[in-house]
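Me: I should like to learn how to read the features of a model such as this one. Please show me the structure, and let us proceed from there.

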Amino acid sequence: MSNTLVLRLIEGMAGTIESHADQLTRLDQAIGDGDHGINMARGFKELAAQKAAIAALPLGEALKKAGMTLVMKVGGASGPLYGTLFIDMGKATPEAAPTLADLSVMLDAGIRGVKARGKAEVGMKTMLDVLCPVADTLRSLVDQNETDGLDERIIAAAGHALHRTTDMVAKRGRASFLGERSKGHLDPGACSSALLIGAVVGVLAPSSAR
Amino acid sequence: MSATVGILVVSHSPKVAEGAVDMVRQMVGDEVACTGVGGDPAGGLGTDAAKILAGIESVWSEAGVALLVDLGGAEMNSEMAILMLDEARRGRVRIAAAPVVEGAVIAATEASAGSTLDEVVAAAEEWR
């Protein structure tokens with residue numbers, strides 16, 4: 001993966017988070033502690049500020065440095081969770097330019113890290129409720145060698161998964177204190193995950209950007 | 001080992017952390033290294049892995065360090081701070097599953113008696 005592509009991935013993610021920060025904060029004000037957009041925007045702004053240094057590294061090291069930057073700057077629970085996702089993806093990155101199959105393995109490794117860090121599983125109304133269906137879709141399409149239209153199917157999987165969090169009862173984080181009252185709202189962490197996946201796909205496969 | 005286990009209080013609020021440390025000073029004394037950290041990287045309520053790492057280093061003891069943490073991100077950011085320590089130190093820092101204020105006082109009391117890290121953590125976790 002080229003230096004330029006990493007630069008564009010960072011710019012894409014940072015731009016998406018910045019332009020949706022208010023939306024993330026509004027979602028978090030409904031069921032969380034109301035700082036998700038502010039925290040994410042702070043972290044991704046710092047990532048953008050360090051993009052040249054990060055993009056100069058081999059991809060695995062770049063992902064680890066990006067993750068550590070998010071840990072240090074995002075704060076809250078999202079910092080360690082997104083930081084772990086990036087760091088553990090970095091640890092699973094091959095030396096050669098990653099194939100789609102490698103990308104699937106990397107995402108699975110990142111998700112395992114997030115599950116361990118957050119002591120969470122699918123169905124708890126968290127970022128995992130978007131990340132896991134996306135990783136499952138990617139893995140199954142790669143396994144079946146059905147890579148035509150993969151980008152659109154990933155975007156669709158993320159969107160459907162995000163909307164399914166509305167009916168879930170939160171089992172982790174501040175929203176879990178609300179119990180049944182957490183129903184009827186999108187999960188802010190699932191929303192930021194869907195936005196980031198959209199941004200990444202938009203850079204890797206610009207035809208499907210939206 | 002003659003060194004005394006250090007205690008670090010991690011709260012979303014710097015004032016809560018400071019207040020818990022004040023209670024330790026009043027009820028246990030100054031013989032146990034105890035400090036508190038709180039606040040996010042921008043100075044608002046929250047937790048910050050870098051501040052937690054500095055806190056662990058400031059109360060560092062060869063006997064180890066016990067952390068008392070409040071909600072959600074405090075525990076996860078503490079885990080990240082522990083991962084940033086070198087391997088030799090990493091195994092000598094533990095997070096106690098105990099209420100912050102009560103846990104800090106109980107842990108410091110146990111530490112002041114020269115107990116091991118495991119004993120200090122167990123004392124905080126058993127209190128109710």
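Me: Which residues lie nearest the centre of the second largest pocket, and how many residues line it?

Reply: This is a predicted model, in which local features need pLDDT of at least 70 and side-chain atom pairs count only at pLDDT 80 or more, while totals for chains, interfaces and linings use all residues. Residues are numbered from 1 along each chain as its sequence is written, chains are lettered from A and ligands numbered from 1 in the order in which they are written, and side-chain values use heavy atoms, without hydrogens and water. A pocket is an open set of points on a 1 Å grid over the protein atoms alone, where a 1.4 Å probe fits, with protein on both sides within 12 Å along at least five of seven lines; lining residues have an atom within 4 Å of a point. Here, 35 residues line the second largest pocket, and A:Leu9, A:Met89, A:Leu103, A:Val200 and A:Leu204 lie nearest its centre.

Me: What is the volume of the second largest pocket, and which helix gives the most to its lining?

Reply: A volume is the space filled by probe spheres set on the points, with grid points joined across faces, edges and corners. For the second largest pocket this is about 800 Å³. Helices are DSSP runs (H or I, at least four residues) numbered from the N terminus. Helix 10 of chain A gives the most to this lining, with six residues.

Me: How do the residues of that lining divide by class?

Reply: Ala, Val, Leu, Ile, Met, Phe, Trp, Tyr, Cys and Pro count as nonpolar, Asp, Glu, Lys and Arg as charged, and the others, Gly among them, as polar. The lining of the second largest pocket has 31 nonpolar, three polar and one charged. By contrast, the largest pocket, with about 1,100 Å³ of space, is lined by 15 nonpolar, 15 polar and 12 charged residues.

Me: Is helix 8 of chain A largely enclosed or exposed, and why?

Reply: Buried means under 20% relative accessible area (1.4 Å probe, protein chains only). Helix 8 of chain A has 12 of its 16 residues buried, so the rest of the structure largely encloses it. Among the buried residues are A:Asp129, A:Cys132 and A:Pro133.

Me: What span should helix 8 of chain A have?

Reply: The expected span is 1.5 Å times one less than the number of residues. Helix 8 of chain A should span 22 Å, and its end C-alpha atoms are 21 Å apart, which agrees.

Me: Which residue lies over the face of B:Trp60?

Reply: A charge sits over a ring if NZ of Lys or CZ of Arg is within 6 Å of the ring centre and within 35 degrees of the ring normal. B:Arg89 is placed over B:Trp60, at 4.4 Å from the ring centre.

Conventions. Helix = DSSP H or I, 4+ residues; strand = E, 2+ residues; numbered from the N terminus. Buried < 20%, exposed > 50% of the residue type's maximum accessible area, 1.4 Å probe, protein only.
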